[in-house]
Each structure stands twice: as C-alpha cells, then as structure tokens.
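Please read each point with the structure in view.

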Amino acid sequence: MPYKRDIYKLARSWAIPGIPGLEHRIGGLEKTFKGTVSYTPENHEEMVMVRAEKVERVANEIPDLEVYGSKSGDLLVVGWGGSYGYLITAVRELIDEGFKVGLVNFNYINPLPKNVKDVFKRFKKIVVCELNMGQFANYLRIKHQEFTYEQINKVQGLPFTVNDIKEIV
Amino acid sequence: MADTMVYNYTAKDFKSDQEVRWCPGCGDHAVLSSVQKALAELSIPKEKFAFISGIGCSSRFPYYMNTYGFHSIHGRAAAIASGVKTANPDLSVWQITGDGDALAIGGNHFIHAIRRNIDINIILFNNEIYGLTKGQYSPTSTKGLVTKTSPFGTVEEPFSVGELVYRR
C-alpha cells in the first residue's frame, strides 16, 4: 500500500511513477495513515506527533558524537559545522601545553546524536564557541538542561583565531 | 508515445476515492471530468500518467485523479514536471496550475518550461483571481477589478496568457 509508513522509521516509501498498481498522490495536504486527505483536528494533531517522532528516530541512523583530544577532563570545547578547523588547532595546542581539553564538533543538530549526555558529563566545564549570538548554546540548554554551558561568541564576519579560543582557559 | 494496445478505460477508472472539495458550480469540476474522459480515450496505460501541480484550487487536481500525482509547492509545478519528464521520458506528464501559481509566483519556471518545450502538457486554470485564498487579484485579473487587495480597482494591465507562450 503506497501510503504505509515503515514501522521503525515512520517514513513512507517511495514508488516510482510508471509502475502499475502503485498509483498514489503525494503532496502538501495532510493525510490519514491510510492516505485519505484529512482536515480533521484530531488527525492533524496525530500526524504532527508522528512527524515529530519520525525526526526523533533519525537519531538511530546518525553517527555518535566523536570526541577529539581528551575523552574526559577539565574542558570540553563545543562547535558545529565549519568551526572544526580552528577549534581542533586550538585544542591541540592546549593539549600540548598540558591541559586536559576535548573537542566535539556537531554535524547533526536536529535530532542531536544519542550520546551527547555521555560525552558531556565527563568534562568539568563546557564552552560552546559560535560565530553568532549563541543560538546553539541556547539550543543545548533546552535539549540537555542538566549541564551548564559557557559560550564564546564572535560576530565579525571573521572566523575564530586560535588565540580567541585559548583565552578562555 | 501511445502504443498499439487498446485499453478499455472509462472516465471512472481515473477517479480517485477522494472527496472533491471545490465549491459547487466551480469550473474546476468541468475540467476534472473532461480530463478524466479524455485520458480514457488515449491509448496510454494508467500508470504512465503523472500529474504535477503547484498550489491553489486548481492544484488540488492530482488528489482527484487515480494516477501518480504530486501536489508540490507554490509556483514550482513547472520545474518539478520538467524534472519528472526528464528523468522518465516515457511518462505522460501533465502539469496542473493556475493563473496565480503559474504567472505570479511561478512566472520564472513557466517561461522556461515554455522555452524548453519538452512535451509536458500544461493545464492552466485561469479564473483571473486567487481563488483558494478567497479573492486577491492575479496577473490575469481585468484592469480596474475591485478585489480584497485592490479596494479601489487594480491599476495594472493583465497578461494575455496565449501571447506569453507564442514562439516564433
């Protein structure tokens, strides 16, 4: 049945046009589990929750967060996206100077990887470095409220320099 | 390409099981039943049809057809239909759009679809208004028409759609 959702992933399969018997319509209108277009409030709420759950379950498919440098210690530097280059350089220099510092660079934001809590709890201090006003730090505060996050922000159209990062230690 | 097999389709074979939600008396109903009757007469197997629509009253169309269909995003039916046809030229690709969807937000994709001329069939439902959103004027509304977004009458000359698609 073309509208059926996979039990584990909650996603619908794709059927390629041209295959006899699998004719179906996809599109912006919301449907019930069976594929009938539905405008009812109850179905809408149910479908919003199913879609949210589908996104949450993507966490089963994404790789775990990888920690560079010390796997536990005094300081965890947190970045995301393109910040990896300068953050890893700063962390390596700090490790050479004798500090117990680790680095995580998030590539998956929604949903977050499953091992975030395990990684975070092994460090005494967490600092989130972002080239904005701190959106990811605030996001982590919502998703993982059990930790305290410090943040370094720079909004100059320039990347962090290694010294920017080393100053926080 | 029509093949030499004869398919005994009737218009009913092309009706989906979905409730048709257009207002009673709307011309869209007539287009729907005409297309269903017409497709039944073509010698093309039902699974080879693909109906791609944008957004608007016209674009509800794919849900009412028992074929492959894609109700996509506003103005982009031409882009998606071009993609569908290019990926699988054996399909009979029909683009369903309206005067707002194709000529306002979709104007860019529309002119490129015309320019490319890749054997897709475009059905543009021209009711000279934005119907689904309850009555704002469109690029084909008559000059001077009083609508919700032109309380003193529009000040623009409308498109003549036929003139837009003419090529040397």
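1. In this predicted model, Ile52(B) touches Phe70(B), Ser72(B), Ala77(B), Ile80(B), Ala81(B), Val84(B), Val93(B) and Gln95(B), leaving aside residues up to four places away in sequence.

2. Ile52(B) is also among the residues with the most contacts inside the largest nonpolar core, together with Ala50(B), Phe51(B), Ala81(B) and Val93(B). This core has 28 residues. At least two residues are supplied by each of α1, β1, β2, α2 (77-87), β3 (92-98), α3 (99-105) and α4 (107-116) of chain B. The largest share, five residues, comes from α2(B). Another core, of 23 residues, lies apart from it and includes Leu76(A), Trp80(A), Val101(A) and Phe136(A).

3. Helix α1 of chain B (residues 27-41) has 15 residues and reaches 22 Å from its first C-alpha to its last, close to the expected 21 Å. Its buried residues are Asp28(B), Leu32(B), Val35(B), Gln36(B) and Leu39(B). They lie on the same side of α1(B) because they cover an arc of only 100° around the axis. These buried residues pack against β1 (49-53) and β4 (121-125) of chain B. The face turned away from the buried side carries the exposed residues Ala30(B), Ser34(B), Ala38(B) and Glu41(B).

4. Between the chains, 13 residues of chain A are in contact with 18 residues of chain B. The chain A side of this contact has six nonpolar, five polar and two charged residues.

5. Strand β1 of chain A (residues 25-27) runs parallel to strand β2 of chain B (residues 68-71), and three bridges join them. Arg25(A) has Gly69(B) as its bridge partner in β2(B).

Technical notes: Residues are numbered from 1 along each chain as its sequence is written. Chains are lettered from A and ligands numbered from 1 in the order in which they are written. This is a predicted model: local features need pLDDT of at least 70, side-chain atom pairs count only at pLDDT 80 or more; totals for chains, interfaces and linings use all residues. Helices (H or I, at least four residues) and strands (E, at least two) are DSSP runs, numbered from the N terminus. The expected span of a helix is 1.5 Å times one less than its number of residues. A residue is buried if 20 or more other C-beta atoms lie within 10 Å of its own, exposed if 12 or fewer, and partly exposed in between; C-beta atoms are placed from the backbone. The arc is that of the directions from the helix axis to the C-beta atoms. Two residues are in contact if their C-beta atoms, placed from the backbone, lie within 7 Å. Ala, Val, Leu, Ile, Met, Phe, Trp, Tyr, Cys and Pro count as nonpolar, Asp, Glu, Lys and Arg as charged, and the others, Gly among them, as polar. Two strands pair if DSSP finds at least two bridges between them. A nonpolar core is a set of buried Ala, Val, Leu, Ile, Met, Phe, Trp, Tyr and Cys residues joined through C-beta atoms within 7 Å.
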